[in-house]
Structure formats: C-alpha cells, structure tokens
Amino acid sequence: MLQGIQAIIADDDEMSLEMLSSTLRWQGVQCTAATNGREVLTALESRPHTDIVLLDIQMPVMDGFEVLSQCKGNPCLSNIPVIALAANHDEKLKSLKLGADDFLAKPYDPEELELRICKLVQSRRLAQSSQKAKKNFLAIASHELRTPMAQIMGLTDMLDDEHIGNEQREIISLLKHATGGLTSVISDILNYAQLDHGALSTLDLFSLRGVIAAVLGIQTVKAEKKGIRLELNMVDEISDILIGPSFFVQKVFSILLDNAIKFTTKGEIRVTVREEYLSKHNSRFYCSVSDPGIGIPAEFHNKIFEPFVQVDSSTTRNFDGIGLGLALAKRMVEQMGGTIGVTNSEDQGSCLDFSFCCDLHESFGVNPA
Ligand SMILES: Nc1ncnc2c1ncn2[C@@H]1O[C@H](COP(=O)(O)OP(=O)(O)O)[C@@H](O)[C@H]1O
Ligand SMILES: [Mg+2]
C-alpha cells in the first residue's frame, strides 16, 4: 500500500526513529531520517518530491511547531502533507492550528499510521492529477479557441478592401465589432482560469517603456475613433529594463485603458507612471489611469474587483464585457506584490490606481547608486 512513497521522518529519539523507519522501509517507503527541525527543512529542500512528513513535535535545535509554521507559510512546501506525532492534547491542538494535516498521539498504532499516511498521500496525488488535467485542458482549450478567432479576425480584415460597397463595409464593421468582443471575452475567461496554474506569470526581461508604448499604440486607435485623447505622464529617468511578468504589466494597463475608453465619451484619458526605489535591485511602480467618463459609484469601489461584478449588470446595458477585467487586474497586481483601487468620486470620472514591484536589470536602468 505504501510502496514508492517518499517520506521524511523526524524524531529526536533515535530508537523511535529507527523503529518507525525500518517498519516503513519494510513496506516499501523511501525514508529520510531527521533528528531535528532544521534537518527536516534541509531534507525538504533537497527532496522536492517528498510525499509526506512524519513530524515529532518536541525536538532540539528546531521543534516541530517551527517546522510547521515555516512549511505551511511557504507556497512551495505548503501542500506537502504533515502528520504531527504529538505527545499530548496541547501539542495536538497547536499543530493542527499551525496547519498539520493530521496527527497521531504517541505511542501510536503502526497500522493506524499506515492508514493515515495512505489516505493523505492518495488524496494529494488525486488533487495533483486533477490540477494537471485542468491545466492541460486549459492549454488545449486556449489554443483551440484563440487560433480560429485569430483566423476569423485576419480574414475579416482581408475582406475590408477599398473596392467594396457601403453595405458590405457596414457588415464587415459589425463582424469586426462582434469578433473583437468575442475574442476579448474568451481571452478574459481563459486568462482568469489560467492564472491559478502560474501559466501566465513567466518572468522575462522587458522594457517598461516598450510595453506601455505597445499598449498605448493599440488603445490610441480605439480612443481616436471616439474622439478621446490619451496622454502619458512618465519621467525620462524611470528604470526601463525590468525583470518580471511582462504579460501581467501589459494586461493590467490594457484592462484599465479598455475600461477608461469604454466608459468615456469625450475628453482626455491620462496614464501616469511613477517609480519608488525599494533597493538597488528592485522598485515599486505606482501607476494610474484616469478618465473624465461616467464614474464609478462609491458603493462599487471595492465590489468591481470581484469577478463578474458590473455597476450596470442588466442585459440591456450599453457596454460590452462580462465583468472579469478588473478581477484579473487585481489578481495580477497582487501576484506582483502590488495593490489596485479606485480613488475618484462619481462626478469626476474615474481614477484607477495600481502598483507593482519588479526587479531592475542593473546594467540598463537609470538606477540610484
Ligand atoms: N473607467 C471606468 N469608468 C466607469 N466604470 C468603470 C470603469 N472601469 C470599470 N468600471 C466598472 O467596473 C465594472 C467592472 O469592470 P471590468 O471588470 O473591467 O468588467 P467589464 O469591463 O467586462 O464590465 C464595469 O462593468 C463598470 O461598471
Ligand atoms: Mg473591462
């Protein structure tokens, strides 16, 4: 039943450790022994495929409580199941509070221990395989949906020839509007689903100016169609070459500009970018997108960052969208160590502020000494 499981067994009592290890080894478990908490953490670092940790609580150097709080507070280790081997009721309670997945009171029954190990390892493997299946499904769905949409948009553009009549031009314009709307809905749904799997947060070396210029280039075309101007306010000295998830940065600016243009009929939309140096190696960027549009009622200032929440959610509303943009933006800035919020009141239009942190590429940016 336990064949092939990789376990770390920690106990400062060498006799108990030896007994437990040999019982489990006999059943096919690959055991790594530790006699204190620090050895458990070192073993976890070098064995990323550990299936379970059996953790004595009272140990010298570092006790089981400290191991639990370090493991459960670390996103890379938190999903490795830990069974606390507790000597009394207080230890049992405290370990559960610190995130232990199960406990056994000492002295424990070896058969019960075996059953508990099996249950935890199996449920973790089940969860991992369904996560993997979901990730694969999303990757395939993403490809299968985005590819034909891109083809439809490309082909529609090809039809938009100067020799066509007014009626066809009108139809093509409607077709473009509908495919554009559908593409952005599909993209928001897929991005939102994929965020959980870290699929989009790849770090790369990018130019902040380049990303902002690319977003503004696309959005300016949309804004000009409505007679709206876009203005960028960013100092020349800003660190430009950054290391971070450039897709997130680009996406957050796009989402906020999309909204600003959608909910504004005239005037100027302003984008500001400011930098705060956190150290020689990283900075926090404070950005805002403000518009003179319809504004956001105060009671919606927090709610609009929840998925599917829109100020006007009636089916007869004038605006496209399904209410995922700001929820996506919030999750992305939070993953970059930042925050997002609304600052303006209803009658002044809207101002969306957000921040994010990025590492600086020292050989490029104009960074302080
Ligand atoms: N700049 C803005 N001006 C006015 N309302 C806004 C603005 N940005 C967002 N909102 C409100 O927040 C809601 C949620 O925005 P979002 O999550 O991007 O969804 P969607 O744009 O698909 O409706 C919008 O439907 C709108 O009611
Ligand atoms: Mg939106």
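Domain bounds in these legends come from an automatic or database domain assignment. The model shown is predicted.

**View 1. Three domains in the chain.** The domain assignment divides the chain into domain 1 (6-108), domain 2 (131-198) and domain 3 (200-360). Between the C-alpha centres of domain 2 and domain 3 the distance is 22 Å. Their contact is made by 9 residues from domain 2 and 10 residues from domain 3. The side of domain 2 that touches domain 3 consists of 4 nonpolar, 4 polar and 1 charged residues.

**View 2. The open sheet of 5 strands.** The strands follow the order β2-β1-β3-β4-β5 and pair in parallel. At the edges are β2 (30-34) and β5 (102-105); each has a single partner strand, so one side of each has no neighbour in the sheet. From one strand to the next the twist averages 20 degrees. At one of the pairings, strand β4 (residues 82-86) joins β5 in the parallel sense over 4 bridges. A86 has A105 in β5 as its bridge partner.

**View 3. Helices α1 and α4 against the strands.** Helix α4 (residues 89-97) packs on the sheet and touches β4 and β5. The direction of α4 makes about 160 degrees with that of β4. Helix α1 (residues 14-26) lies across β1 (6-10), β2 and β3 (52-56). Relative to β2, helix α1 runs at about 170 degrees.

**View 4. The packing of α2 with α3.** The axes of helix α2 (residues 37-46) and helix α3 (residues 64-72) are 8 Å apart, and the two helices pack at an angle of about 30 degrees. Angles under 35 degrees count as roughly parallel, so α2 is roughly parallel to α3. From α2, the residues G37, V40 and L41 meet G64, E66, V67 and Q70 in α3. Sorted by class, this contact of α2 with α3 has 3 nonpolar, 3 polar and 1 charged residues.

**View 5. Two backbone details in loops.** Most residues other than glycine have a negative phi, and most peptide bonds are trans. V61 is a residue other than glycine with a positive phi, near 65 degrees. The loop that holds V61 lies between β3 and α3. The peptide bond that joins K106 and P107 is cis, with omega about -10 degrees. P107 is found in the loop between β5 and α5 (110-159).

**View 6. The shell around ligand 1.** Ligand 1 is surrounded by 20 residues. The closest of them are N259, Q310, V311, G321 and G325. Two helices, α8 (246-262) and α9 (325-335), each supply at least two residues of this shell. By class, the shell around ligand 1 contains 11 nonpolar, 8 polar and 1 charged residues.

How values were computed
Residues numbered from 1 in each chain as written. Chains lettered and ligands numbered in written order. Predicted model: local features only at pLDDT ≥ 70, side-chain atom pairs only at ≥ 80, totals over all residues. Contact = placed C-beta atoms within 7 Å. Nonpolar A, V, L, I, M, F, W, Y, C, P; charged D, E, K, R; others polar. Axes fitted to C-alpha atoms, helices over the stretch in contact; angles between N-to-C directions. Parallel < 35°, antiparallel > 145°, perpendicular 65-115°, else oblique. Near = placed C-beta within 6 Å. Pairing = 2+ DSSP bridges.
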